[in-house]
Amino acid sequence: IPVTAGQVLFLAGILQFCRQPIPRRTLVAITTLFVLFTVIFTYPVPDAVLRIFSLTFLLGLVHAWSATVLWRHPDPEFRWVYVFTGLIILLHGLTTSAQGIVLLLADRDMVSHRAPEVPLANLISLWGAIIGTMLTCWLLFLLVMLRLVVELRDSAHHDSLTGLLNRRGLHHAMTLLHTRPLEPDLRRAVLLMDIDRFKGINDLYGHDAGDDVLVLMGQVL
């Protein structure tokens, strides 16, 4: 139960990372489903094959869901990392589901609590654990680091209040614009402007209202 619940939290973390947070009720429902299958096929209807098959099938669906979320995440800069991570997670899910299918096709009299008598199932489970530990975790760690790098770069080039380019970001953008070749009929232009009587807004309505004006002007620009 802790392992399967951990995989559900793994899915929730990926959804949260890709800015698609899963509703708490859905999270509780999926976890409850895992617990019910485990309890039912352990005590009322003790059947190791059905228990392992049902759990591995559900885990395969959870991994497929995680892979789909990563594939559809719109991040053109690091798109290949998301796609490759999704492929590895899907492969992990396929190994999990394959373990259940192998046990379902095996002789039921050979299957005990964790099916140690079926070497192929154990081998598939081992490879799934290796994939999850050696590849999936490190790829997800790489995605987190890339996200942090992008956020640090954006915060270094943008004003935190308005979201507009700050001095460093403007200098970088102008450098790129200056080095980019122009078509014969195009010209470059720079517009300098300020907000008239802005100090009066701060003095009369307070600095919070002044911040709102700056944000609105940023949106207009």
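Select L70 to begin. Skipping its neighbours within four places in sequence, L70 is in contact with I14, C18, R79, Y82, T85, G86, I89 and L143, where contact means heavy atoms within 4.5 Å. Before going further: this is a predicted model, in which local features need pLDDT of at least 70 and side-chain atom pairs count only at pLDDT 80 or more, while totals for chains, interfaces and linings use all residues. Residues are numbered from 1 along each chain as its sequence is written, and side-chain values use heavy atoms, with hydrogens and water left out.

Together with L70, they have the most contacts inside the largest nonpolar core, which has 25 residues. (A nonpolar core is a set of buried Ala, Val, Leu, Ile, Met, Phe, Trp, Tyr and Cys residues joined through side-chain atoms within 4.5 Å; buried means under 20% relative accessible area, exposed over 50%, and partly exposed in between, using a 1.4 Å probe and protein chains only.) The elements giving two or more residues to this core are α1, α2, α3 (48–71), α4 (79–105) and α5 (119–157). Helices here are DSSP runs of H or I with at least four residues, numbered from the N terminus.

Next, pick I52, L103, A121 and I124: they are among the six residues of a second, separate core.

**Stop two: salt bridges**

How many salt bridges does the structure hold? There are two, each counted when a side-chain nitrogen of Lys or Arg is within 4 Å of a carboxyl oxygen of Asp or Glu. Select R153 and E77, whose side chains meet at 2.9 Å, N to O. R153 sits in helix α5 and E77 in the loop between α3 and α4, so this pair ties together parts 76 residues apart in sequence. R153 is partly exposed at 37% relative accessibility, and E77 is partly exposed at 40%.

Then jump to K199 and D203, with their closest N and O atoms 2.8 Å apart. They are four residues apart in helix α7, so about one helical turn separates them. K199 is exposed at 60%, and D203 is exposed at 54%.

**Stop three: two loops**

Most residues other than glycine have a negative phi. Zoom in on R19, which has a positive phi of about 60 degrees. R19 lies in the loop between α1 (2–17) and α2 (24–40) and is exposed, at 55%.

Finish at R197, where phi is positive too, near 55 degrees. You'll find R197 in the loop between α6 (167–179) and α7 (198–205), exposed at 72%.
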